[in-house]
Amino acid sequence: MRLTNLPLNTLKEVPAEAETLSHQLMLRAGLIRRLASGLYSWLPIGMRVLQRIENIIREEMNRAGALEVMMPIVQPAELWRKSGRWEKFGPELLRLEDRHQRKFCLGPTHEEVITDIARHELKSYRQLPVNYYQIQTKFRDEIRPRFGVMRAREFTMKDAYSFHIDEESLLRDGYEVMRSTYDKIFTRFQLKFRIVQADPGAIGGNRSEEFQVLAESGEDKIAYCDADDFAANIEVIELEPPNKTRGLPTQTCEIIKTPKIQSIEALSKFFKVGPEKCLKTILVQGSKSPAVALLLRGDHELNATKAERIDAVASPLRMLNATEIHEATRCEAGFLGPKELDISIYMDQDASLMSDFVCGANRTDYHYRGTNWGRDIEPPEIIDLRNATTGDPSPKGGGPLSIARGIEVAQIFQLGKDYSEALEATVLDDQGKKRTIEMGCYGIGVTRIVAATIEQNHDNRGIIWPAAIAPFDVLIIPINLDKSCRVREAADTLYCNLIDAGLDVLMDDRSYRPGVKFADADLLGIPHRVVVTESAWDKGKVEYKNRREDDPQLVPFDQLVELLRDKGD
């Protein structure tokens, strides 16, 4: 392709709307354009990346024996009511009515639809196992779309669903096959990733794992231990009670005026103690009451998944706002504490071992210092409430955990019979008896992979695409194309030769200064750049530069194709 045939508009300035580096670079490089909040149009360069990602996914899914289908994005409410998710899924499910007042939704996922297909198409155990997949648009009405295509409302997903006669086949012929297939897919994408234990969330099921692309900008935190190969999203790690005893009191409990000291950081600085000596009191919505208090050490984070398991806590978990906190406690946020707090209270295991700690006094602008359990406050119910942190012991016992950030790009689920029972999907077994089908579910966020790849592969000049999913293999930049017939002829010859060699080639034949072309080349991130100049061509050479390398090199023209094949990333 020639750039004069491709309306490419790159941006020098960082768009004000872009929060993450991948969002900035996708806008600047002309991959996407924003239509509305959480909605993006994909332009030609971006589409080429998406298509290469989809091609690899299709190749590996087909190789694994999966069958491609296409299901409607508009789904009838009846199916969702049968599964119990019409109300449970919450406001992310965009509901609508047709002209006959029949209720539908825009599909955020397709478990109900595929199970409906299965109950009509699968009749006998002889048709099992079978795995259907699609690459299709999804819609989730995110309350706060952000980070570009990373958390958009409309996105492309590859979702697959397998059906089995029993749990053994689900694990062997479905879950494990897809786990291995996904490993091959992300290896072909040339991404650094980890497979981690995960929470099934709204999809359901009794086993789930995520594929996390490692990146410092990742929203998720994953804990791992190289000594025993343990890896999990921190939200699912169950922590054993600490093998410690509570220290004895050494201080007198006293109330101290702390004007406008409301954060753990400010409190720690004010009292000259570490955050681990400050008690954090979090108020959340109760399932049968306006408020429930959750207590943690100041240096620990609340685990929402664990908190939602408490019967007294509403699910999904919701933090109370300032008005609700004041109504429940007659106190401002930041000054809350367990002493004389007349609501249900639950305390994390590590918080139960604190002594001589600082906590809110339930009076605006006041805190207690030198507080101790038993002596000053009766300990509430103790449970595991926090996220794992660096240094916590691995659940496998191999050593301490390390924490890394990741971007979730895929998740696999062992669903079991959650949907097949609700929608009555059965087959006849070898005895002629009806058996409820076992199901697996396997998703890949196709559009999210583009952003995750950029977060992991970039420099201060732009994107650095892995060769497998780059929009083009080679970029040709002729210098003084309009002034030199020899350069034009050389560039055209090179362009045709590289295409004949099976490479995807982009030629920058625009009438722009070399500096502009080089800047756009770095921004676009195409793996290989070939510059054609009169002086080099007179010697039978061209200038070659790999996007991951700093310095160009002169290469004989007749050796270029072989070099490009050897340099394949």
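His458 is found in strand 24 (residues 458-459), where strands are DSSP runs of E with at least two residues and helices are runs of H or I with at least four, both numbered from the N terminus. At 30% relative accessibility, His458 counts as partly exposed, a class that sits between buried (under 20% relative accessible area) and exposed (over 50%), with a 1.4 Å probe and protein chains only. The model is predicted: local features need pLDDT of at least 70 and side-chain atom pairs count only at pLDDT 80 or more, while totals for chains, interfaces and linings use all residues. Residues are numbered from 1 along each chain as its sequence is written, and side-chain values use heavy atoms, with hydrogens and water left out.

**Around His458**
- Leaving aside neighbours within four places in sequence, His458 is in contact (heavy atoms within 4.5 Å) with Leu21, Leu25, Ile463 and Ile464.
- The C-alpha atoms of His458 and Lys306 are separated by 36 Å, and these residues are 152 apart along the chain.

**Whole chain**
- The protein chain has 15 helices and 30 strands.
- Its C-alpha atoms fill a box of roughly 90 × 70 × 55 Å along the principal axes.
- Of the 569 residues, 52% count as buried.
- Among contacts between residues at least 6 apart in sequence, 68% join residues at least 24 apart.
- The chain exposes about 26500 Å², and carbon and sulfur atoms supply 47% of that area; accessible areas come from the Shrake-Rupley method with a 1.4 Å probe, and for residues only the protein chains shown count as cover.

**Nonpolar cores**
- A nonpolar core is a set of buried Ala, Val, Leu, Ile, Met, Phe, Trp, Tyr and Cys residues joined through side-chain atoms within 4.5 Å.
- The largest core has 65 residues, of which Tyr182, Phe186, Phe189 and Val450 touch the most other members.
- Helix 2 (residues 44-63) gives the largest share of this core, seven residues.
- A second, separate core of 26 residues includes Leu79, Val113, Leu122 and Tyr161.
- Beyond four places in sequence, the contacts of Tyr182 include Met61, Lys158, Phe211, Ala410 and Tyr442.

**Aromatic pairs**
- The structure holds 10 aromatic pairs; rings of Phe, Tyr and Trp (its six-membered ring) pair if their centres lie within 6.5 Å, and planes under 30 degrees apart count as stacked, over 60 as edge-to-face and the rest as tilted.
- Trp80 and Phe89 have ring centres 5.6 Å apart and planes at 85°, so the pair is edge-to-face.
- Both Trp80 and Phe89 are buried.
- Phe186 and Phe189 also form an edge-to-face pair, because their ring centres are 5.5 Å apart and their planes at 85°.
- Phe186 is buried at 0% relative accessibility, and Phe189 is buried at 0%.
- Ring pairs link Tyr182, Phe186, Phe189, Phe193 and Phe211 into a cluster.

**Backbone exceptions**
- Most residues other than glycine have a negative phi, and most peptide bonds are trans.
- Leu128 and Pro129 are joined by a cis peptide bond with omega about -5°; Pro129 lies in the loop between helix 5 (111-121) and strand 7 (130-139).
- The bond from Ser315 to Pro316 is cis, with omega near 5°, and Pro316 is in the loop between helix 8 (304-308) and helix 9 (322-329).
- Phe147, not a glycine, has a positive phi of about 60°; Phe147 is buried, with a relative accessible area of 18%.
- Asn362, not a glycine, has a positive phi of about 60° and lies in the loop between strand 17 (357-360) and strand 18 (366-371).
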